[in-house]
Amino acid sequence: MKIRTFQSTDAQQICSLWNLSHPKYPLTENLMAKKIFLDPNFSPKNLLIVQENDKIIAFAYLPHHQIQYDVNLTTNPNEGYITYFSVHPDSNFEVVGKLLLEECEKFHLEAERTKLSTAYAPLYHLQGFSEKEDQKYIDLFDSFSYEVQKSYRRRIALKDYLPPENFEQRKSDLEKEGFYIGELPYNHLAEFAHSENEFSNGSWAWEFRSRLTHTPDLSRARVAIFDGKIIGGCMFSDPNSDEGRFGPFGINPKFRGKGLGTVLFADCLTEMKKRGIPYAWAQWTPLSGTAHYLYEKAGFFMEDCFYTYTKEQK
């Protein structure tokens, strides 16, 4: 076995390898291109390959933020990422996985990147390792003393979705109080797509801009507006995954408790159902709190649990 960096002729092999290693969450060649090869932070030097004879048996993408995606999306020069970590299922995982992870840590440490994470935002495919299919990867990172944070992916078949019984009445009552809830108005596009607003952040703003640049359909963005400012928002469909993606979704904390979140949540799902989108799915959802309640009440089921890892190298 030898470790080397990426060569352009490796592209199709590593895409196939990912799909063999993570069949529940496959990547097309086009999607891998968007997530890795067209990433502004990509370099052949930060894609490690494990080769045995003429066969690629493992790889990992190790970016760090050289490009700041948004003015308010802070980056840490000491932070490095370990993503798309994949070992061929026919290989000796214990040996190859350990070798690759050691090389990943060494790669970042030599560049004085001591803070490691598997959550490379905003260009990620999954938010971590799947509890349902990546147990070997979870065990490996646990054995290297990484700290874990769990998040949940949820899904609902929209043919079964029904908005709350009083949805239309609650929406009407809020409109009488001066709130607007519905499609993103063109005059608020710039506000929605930048992080200097009342409900979002730099990572979300990048998501919104990226999706609307690809498909400038403002009806896919649903907002709550009060006193001329967006105070809540949600978006569905993602050209970097599929039309069923739901979120990001959020409400300015100052306006919580009025039922705005419930109405905006239902407005977005109702629009998706009207379009004939068969299902909605969401990433990074919590297991408690208001957001958890909204997903549960709407009928989303827990599809998978993901393990995201961090570590401070010394």
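## Helix H4 and its buried side

Helix H4, which spans residues 135-143, has Tyr 137, Ile 138, Leu 140 and Phe 141 as its buried residues. These residues lie on the same side of H4, because they cover an arc of only 160° around the axis. An α-helix has 3.6 residues a turn, so residues three or four places apart point the same way. The model described here is a predicted one.

The buried residues of H4 are covered by several elements, including helix H1 (11-21), strand E5 (83-87), helix H3 (93-110), strand E7 (129-130) and strand E14 (301-312). After H4 comes Ser 145, which has a positive phi, near 65°.

## An open sheet and the helices across it

Four strands make up an open sheet, arranged in the order E1-E2-E3-E5 with antiparallel pairing. Strand E1 (2-5) and strand E5 stand at the edges and have a single partner strand each, so one side of each is left without a neighbour in the sheet. On average, and with direction ignored, neighbouring strands of this sheet are turned by 25° against each other.

Within the sheet, strand E2 (residues 47-52) pairs with strand E3 (residues 55-61) in the antiparallel sense over six bridges, and Leu 47 stands opposite Tyr 61 in E3. Two helices can be followed against these strands: H1 lies across E2, E3 and E5 and runs at about 85° to E3, whereas H3 lies across E1, E2, E3 and E5 and runs at about 150° to E5.

## Aromatic pairs

The structure holds 33 aromatic pairs. In one of them, the rings of Phe 37 and Phe 42 have centres 5.7 Å apart and planes at 85°, so this pair is edge-to-face. Phe 37 counts as partly exposed, because its relative accessibility is 23%.

Tyr 61 and Tyr 120 also form an edge-to-face pair, with 6.2 Å centre to centre and 85° between the planes. This pair links distant parts of the chain, since Tyr 61 is in strand E3 while Tyr 120 is in the loop between strand E6 (115-117) and E7, 59 residues apart. Tyr 61 counts as buried at 0% relative accessibility, and Tyr 120 counts as buried at 0% relative accessibility. Ring pairs link Tyr 61 and Tyr 120 into a cluster with other residues, among them Phe 6, Trp 18, Tyr 81 and Tyr 84.

## Glu 271 in helix H8

Glu 271 is found in helix H8, residues 260-274, and counts as buried because its relative accessibility is 16%, which falls under the 20% cut-off. Its side chain makes a polar contact with the side chain of Arg 275, at 3.2 Å. Leaving aside residues up to four places away in sequence, Glu 271 touches Ser 219, Arg 222 and Phe 236.

Terms used
Residues are numbered from 1 along each chain as its sequence is written. This is a predicted model: local features need pLDDT of at least 70, side-chain atom pairs count only at pLDDT 80 or more; totals for chains, interfaces and linings use all residues. Side-chain values use heavy atoms; hydrogens and water are left out. Buried means under 20% relative accessible area, exposed over 50%, partly exposed in between (1.4 Å probe, protein chains only). The arc is that of the directions from the helix axis to the C-beta atoms. Contact means heavy atoms within 4.5 Å. A polar contact is a pair of N or O atoms within 3.5 Å; within protein, one must be able to donate a hydrogen and the other to accept it, and residues adjacent in sequence count only if both atoms are side-chain atoms. Two strands pair if DSSP finds at least two bridges between them. Axes are lines fitted to C-alpha atoms, for helices over the stretch in contact, and angles run from 0 to 180 degrees between N-to-C directions. Rings of Phe, Tyr and Trp (its six-membered ring) pair if their centres lie within 6.5 Å; planes under 30 degrees apart count as stacked, over 60 as edge-to-face and the rest as tilted.
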